[in-house]
Every structure is written in structure tokens, then in C-alpha cells.
Amino acid sequence: MNRAAAEEWIRTHAEPIGAIELAHERPWATVMRVPLADGVAWFKSCGPVQAFEPRLTSGLFSRWTDRVAEVLAHDEERAWLLLADAGTPVGAFGNPPEAWLAALPLYAELQRGEVALTQDHLTHGVPDLRISTLPARYQELLQRPLPLDTEEISRLHRFATRFPELCDELATHDVPETIQHDDLHLANLYAQGERLRVLDWGDSSISHPFASLVVTFRFLEETNKLTPTDPWFARLREAYLEPWGPGLADAFALAIRVGTFAHAFAWGRQRDHLPEEARAEFDAGFAIILRRAVAQTLDAKGLASYLRSR
């Protein structure tokens, strides 16, 4: 990113009252803080792996102004995005399940509304993780160097014939594929007064919508220490499914199982765009994602044994 050019572009769309500061720099994006008279704005320069994000975010804001960040400007060619401040991430409040109870139906409504634009999103670079693509991506995963032990990799290989069957079963539920945020956690849901907004759509794909909650549920387990049988998970599932209609609990469970693998496939794509020197740090997180996928290959007895060994 040419910082001087970026700052010049920012100043054509906002009036900073002080220095524009680097907030963070990652291989996939650079974020800068822009001080304004009435608050702050945020500039994001997206790397090639998520170059689709500015156009996607701008389009979502034009259609869903009450539940995504306000877009002040975007440049599709340079993959630049300027956002108004969206408040405070719910992680600052301890990631309360109550916030997700309010946000998930709104997010589901957005997903349903975006179904008609699925092909448009794909045309403009949103990654394709539709169910029909997943068996081939599973095979691609098996060809990668994975930060797992030998037995875990063997489990993935043994599950290779079962995974397409799960995909076929999920497809029979006939839930339309649409935008799937794939990073829906406590750092990407923001509260501003009574309003909740979803930010950071750079990990999105076109996929089964219900797989969105793979990440949401993971962080409720890890951050809030909710056990898998905690009643909150059923409450959140039902709140999320309500806009989709009745009778979808089985489809949801299957989508979570398949979606846990799809999430690993997405991480593999992200890894492909990293410089070699950044991969070791990335792999520490990648291993967690992969082990959650390995857990989906096991029955209840095998899962208990596997989790005790971690």
C-alpha cells in the first residue's frame, strides 16, 4: 500500500483533525485510524486474498444500513474501504450471549436477502465454498502440509469417503446458499447504543448460511466457557433459524458439521496468500481449526477420547 496515496484518498472523503495513525498491519489487510471532529473513521487496505471486501461491504451497507458498518467510501480497484465508527466490539463486554440472541436473527435476515445476489457476489470475487465444491476442497486439504500429528492426518484421510456423503445429505435440505461471514465472533460484532453491526467481511464466502455459527459457537465455548450442552446454544440456534422457517434443526446440525471442514478449507486459502515467514505463526491458529474438524470425524466415544488427549 502506498501510504501517501491512501492518506490523500482518505482526505477526499473525510476531514481528519489530526494524524492518521496505523492501527494494525497484517499480511491480509492494513487498518488506519482517522480522527474526526465528531469521532473516528477507519481506513482498510485489503490484500489480494480479500480484495472483494470493499465492494461487498459497500453493497451490504446500501441494502442493510442498520446492521453493517456505515461505508463512507470505497475503491474497488485499489481494495480500499473507509468506514464510520461502529461503536464497541461485544468482546469488550465479555461476549454476552444476549448480544448474539439479538444479532443472529438480523444476520439471518441479511443472508436470506442476499440469496438473490449470490451469483453477483461470486462474479466479483467472493470465494466459492458452495456445498458442491466441498468434496474437491477436502481432497485439496489432504494434499497440504498440515500442522497435525500423524494420527490426526490419518483420521482425515479415513473420513474422505464419508465427507461427500455428508455434503450430499446437507444439500437435500434445500437451504439456499448465500453470503457466509465465516468470522462471526466477539471482535466483529459491534454495539453502538441499541444497534448491533457486523463488521469485517473479508473472510466471507458463498456457502451454506448456517455454517456461520461454527465460529460464533467456538468463541462462546472458548471465551465464555460454555459447555456443548449449555442451553444457550439451543436458544441461539432457534433465534438464528427463526427467519429461515421451522423444521431446520437437523439441517443446522449437519451444516455445523460440514461447515467446520469448510472453515478449515477457508483457512487453507488464507495460508496460501501468506509470505513464508508468516506461516509458522498462522499455523498455530490453523491447528486449532483443523483439530475441530478432526473432532467431526469421530463418534461420541471416539470424540471423548480424542479431546482427553489434546
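This is a predicted model: local features need pLDDT of at least 70, side-chain atom pairs count only at pLDDT 80 or more; totals for chains, interfaces and linings use all residues.
## The largest pocket

Let's start with the largest pocket, whose volume is about 1,200 Å³. It is lined by 38 residues, and those closest to its centre are Arg-26, Trp-28, Asp-183, Asp-200 and Asp-203. By residue class, the lining divides into 20 nonpolar, nine polar and nine charged residues.

On the strand side, β1 (21-26), β2 (29-36), β3 (39-46) and β5 (80-84) each supply at least two residues. The helices α8, α10 (249-272) and α11 (279-295) likewise each supply at least two. Of the contributors, α10 gives the most, with four residues.

## Salt bridges

The structure holds 22 salt bridges, and a few of them are worth a visit. One joins the side chains of Glu-53 and Lys-44, with an N to O distance of 3.0 Å. Both partners are buried: Glu-53 has a relative accessibility of 2%, so it falls under the 20% cut-off, and Lys-44 also counts as buried because its value is 11%.

Next comes the bridge between Asp-120 and Arg-55, where the closest N and O atoms are 3.4 Å apart. This pair links distant parts of the chain, with Asp-120 in helix α4 (residues 118-123) and Arg-55 in helix α2 (residues 53-63), 65 residues apart. Asp-120 is partly exposed, with a relative accessible area of 28%, and Arg-55 is partly exposed at 25%.

A further bridge brings together the side chains of Asp-128 and Arg-130, at 2.7 Å from N to O. Here Arg-130 is partly exposed, its relative accessible area being 26%. Salt bridges can also share partners, and in this way Arg-218, Glu-221, Glu-222 and Arg-292 are joined into one network.

## A buried histidine in a loop

Where does His-208 sit? You will find His-208 in the loop between strand β10 (205-207) and helix α8 (213-222). Is His-208 buried or exposed? Its relative accessibility is 3%, which means that His-208 counts as buried.

What surrounds this residue? Leaving aside residues up to four places away in sequence, His-208 touches Ile-131, Leu-170, Val-175, Glu-177, Gln-180 and Ala-255. One of these, Ala-255, falls within the residue range of α10 (249-272).

Key
Residues are numbered from 1 along each chain as its sequence is written. Side-chain values use heavy atoms; hydrogens and water are left out. Buried means under 20% relative accessible area, exposed over 50%, partly exposed in between (1.4 Å probe, protein chains only). Contact means heavy atoms within 4.5 Å. A salt bridge is a side-chain nitrogen of Lys or Arg within 4 Å of a carboxyl oxygen of Asp or Glu. On a 1 Å grid over the protein atoms alone, a cavity is a set of points where a 1.4 Å probe fits but cannot get out, and a pocket is an open set with protein on both sides within 12 Å along at least five of seven lines; lining residues have an atom within 4 Å of a point. Grid points are joined across faces, edges and corners, and a volume is the space filled by probe spheres set on the points. Ala, Val, Leu, Ile, Met, Phe, Trp, Tyr, Cys and Pro count as nonpolar, Asp, Glu, Lys and Arg as charged, and the others, Gly among them, as polar.
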